[in-house]
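Hi,

Here is the structure I promised to pass on to you. Have a look at it first, and then read on for what I found in it.

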Amino acid sequence: MTTTKVENRLCSPLILHRAKRFLNIRTLRGIVSLIGFVVLWQLVVVFKVPYLHNLPYPAEVAETGMQTLGKKGYWLNWGISLKRIFAGFIIAQLVGIPLGLAMGTSRVIKDLTFPAFEMLRPIPPIAWIPLAILFWPTPEMSIYFLTFIGAFFIVVINVLQGVTNIPVNLKRAAASLGAKPSDIFWKIMVPGSLPSIITGMTVGMGVTWNVLIAAEMIAGRGGLGRMTWEAYTNNALPTIIIGMISIGAAGYLCSSLIRALGDVAMPWKKRF
Amino acid sequence: MKKTEQNKQSFGEIKVEGVTKTFLDEGKQVEVLKDCTMVVPRGKLTVLMGPSGCGKTSLINLIAGYEQPDSGQILLDGEPVNGPGPERLVVFQETALFSWMTVLQNVTFGPSVQGIPKAVARERALQILQTVGLKDFKDKYPSQLSGGMQRRAELARALINEPKVMILDEPFRGLDAMTREIMQEFYVNLFQETGMTNLFVTHDLEEAIFLADRLVIMTYKPGKIKEVIEVDLPRPRHFTMITTQRFNELRQYALELLYHESTKAFADGCKSAFDLIDGFSRGGAKREAM
């Protein structure tokens, strides 16, 4: 049943069209770029380019990579890192979005919170690491706190900006049409600032990964950052590179997730 | 026609009585409106013109209830206006459609926040969308519509609430010339069918005369009413009227009044007065061509 269905789909003109589009000249150039990179890497090692001659061969990394992919511990590290990311990130949204909306809609709340907020915001999240380690009882909680910090300030500032940038005419039009303040908040302010909320999430997710990796290297047990750091202490160069690639892939995956979330939440932003 | 006469009673009349409004601009008190008095009569299309910065938008914000006058009062059928409400609806210069709602959701926004049952609102909305020619576009988002369609959607969103007065603040600004003419004709037909009280602000003198029953010309700083011109062109209006002698007489007369005020604004360094003077010279060139 399933096979015929798949075959049918494969043969459909749409799929063929897509396959053709996938194999167009620009995709080919992209493939050339990637192959070129690997060839360059190979040459660097073969010709023992100064300072870079310690690099493992691409094939060596690929082999270690294949082995690593089969290990349970590796995937455990993925799980640990993702859990830390999402714990901090989700709490940051739960606290940050309402705070940003409140600051954007109430002058009193903004006056009371914004100066303190602006004093803390410029501190790079990584600078919170020592305090976080001392302050929280377990290293795990310290890391949750740090990933939270990574996303929190960016979320709040984006939501605040989103709310402030809603054209005054939209609020006026809504008020004229009979909207009560609660209608204006839920039906105008919230959806109107959604694009900024999603932007905040996208940027926040990037920063959260930065902070997480630093935090794991310093304080963590397990996780992709720790894995990479331990590979360094063991002088296992191929594993360092596998760690780096994994972190990149994980970050990319998380950003794609946010983008997908944005597409679902904002159907009106779709390109037509 | 009879129906229109009956409907007229349900439309409102706006009285602006001795309204003064001052703004604080860079620490300076600027008197935008001073002792401004005018009437927007029931069932008439009143067009408001004046140089940029003469307080047209301020006057509209006051009538809509977004702002309160410093002194004087604004009355709708004798009742003072205290805030925004669906009996005085505004169609704004740049589109104020909610971009996150479909056309249908935009149009039913008013009824839904006013607590009118969904099914009733939907049916009424579909009727109105049919009238403005957007029925097939009801599930589109505003960004998927052309400029002209957006303005029609906005008109529909206002009309569904059966306002007593419609206020339009340069609603056709930014549309290309062709769409603009079509929209003007569409709007003037709509007005002729409903006979609703309308207050229409524009920078375009031809548009003003083509649409208006009464053309109100404002002075520059402080803004008050300079003169009211009764536009006695017959209805229904048609675009061929633009070339009639009476149309040209009215335009010439209004142009002189406006020109005087605009040069005042110009001398005052009001940047946007350039638009207006520019607009006049183009109007003049067109006339010569004819």
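Let me begin with B:Ile217, which is found in strand S9 (residues 214-218) of chain B. Please keep in mind throughout that this is a predicted model. B:Ile217 has 22 other C-beta atoms within 10 Å, and since 20 or more count as buried, this residue is buried. Leaving out residues up to four places away in sequence, B:Ile217 touches B:Met49, B:Gly50, B:Lys226, B:Glu227, B:Ala254, B:Leu257 and B:Leu258.

Strand S9 belongs to an open sheet of six strands in chain B, with the order S6-S7-S8-S3-S9-S10 and mixed pairing. Which strands stand at the edges? They are S6 (88-91) and S10 (225-230); each has a single partner strand, so one side of each is left without a neighbour in the sheet. From one strand to the next, the twist averages 20°.

The S6 end of the sheet is worth a look. S6(B) and S7(B) run parallel and are joined by four bridges, with B:Val91 opposite B:Leu168 in S7(B). In a regular strand the side chains alternate between the two faces of the sheet. In S6(B), B:Arg88 and B:Val90 point one way while B:Leu89 and B:Val91 point the other way, and all are buried. Next along, S7 (residues 165-169) pairs with S8 (residues 197-201) of chain B, again in the parallel sense, over five bridges. Here B:Ile167 stands opposite B:Leu199 in S8(B).

B:Ile167 also turns up in the largest nonpolar core, which has 122 residues. The residues with the most contacts inside that core are B:Ile167 together with A:Leu146, A:Val155, B:Val47, B:Ile63, B:Ala156 and B:Leu215. Helix H8 (residues 139-164) of chain A gives the most to this core, 16 residues. As for B:Val47, its contacts beyond four places in sequence are B:Phe200, B:Thr202, B:Ala208, B:Leu211, B:Ala212, B:Leu215 and B:Val216.

Now to where the chains meet. The contact takes 15 residues from chain A and 20 residues from chain B. On the chain A side, helices H9 (168-176) and H10 (181-219) each supply at least two residues, and H9(A) provides the largest share, six residues. By type, the chain A side divides into nine nonpolar, three polar and three charged residues.

Also in chain A, helix H11 (residues 224-233) has these buried residues: A:Leu224, A:Gly225, A:Arg226, A:Met227 and A:Thr228. What covers them includes helix H5 (72-105), H10 and helix H12 (237-265) of chain A. Just after H11(A), A:Asn235 takes a positive phi of about 55°.

A few backbone details in chain B may interest you too:

- The peptide bond from B:Arg235 to B:Pro236 is cis, with omega near 0°. B:Pro236 sits in the loop between S10 and helix H9 (245-267) of chain B.
- B:Asp35 has a positive phi of about 50° although it is not a glycine. Its place is in strand S2 (residues 28-40) of chain B, and with 15 C-beta neighbours inside 10 Å, B:Asp35 counts as partly exposed.
- B:Glu162, another residue other than glycine, has a positive phi near 45°. B:Glu162 lies in the loop between helix H6 (147-159) and S7 of chain B, and is partly exposed, with 16 C-beta neighbours inside 10 Å.

Finally, some overall figures. Chain B comes to ten helices and ten strands, and buried residues make up 42% of its 290 residues. Of the contacts in chain B with a separation of 6 or more, 71% are between residues 24 or more positions apart.

On confidence, the model scores ipTM 0.82 and pTM 0.79. Chain B averages a pLDDT of 83, with 88% of the residues scoring at least 70. Where in chain B is confidence lowest, and where highest? The lowest is in helix H10 (residues 273-289) of chain B, at a mean of 43, and the highest is in helix H3 (residues 103-107) of chain B, at 95. Over residues 276-290 of chain B, pLDDT stays under 50, and the model has 13 contacts beyond four places in sequence for that stretch.

Best wishes

Key
Residues are numbered from 1 along each chain as its sequence is written. Chains are lettered from A and ligands numbered from 1 in the order in which they are written. This is a predicted model: local features need pLDDT of at least 70, side-chain atom pairs count only at pLDDT 80 or more; totals for chains, interfaces and linings use all residues. Two strands pair if DSSP finds at least two bridges between them. Axes are lines fitted to C-alpha atoms, for helices over the stretch in contact, and angles run from 0 to 180 degrees between N-to-C directions. Two residues are in contact if their C-beta atoms, placed from the backbone, lie within 7 Å. Ala, Val, Leu, Ile, Met, Phe, Trp, Tyr, Cys and Pro count as nonpolar, Asp, Glu, Lys and Arg as charged, and the others, Gly among them, as polar. A nonpolar core is a set of buried Ala, Val, Leu, Ile, Met, Phe, Trp, Tyr and Cys residues joined through C-beta atoms within 7 Å. A residue is buried if 20 or more other C-beta atoms lie within 10 Å of its own, exposed if 12 or fewer, and partly exposed in between; C-beta atoms are placed from the backbone. pLDDT is the predictor's confidence in each residue, from 0 to 100.
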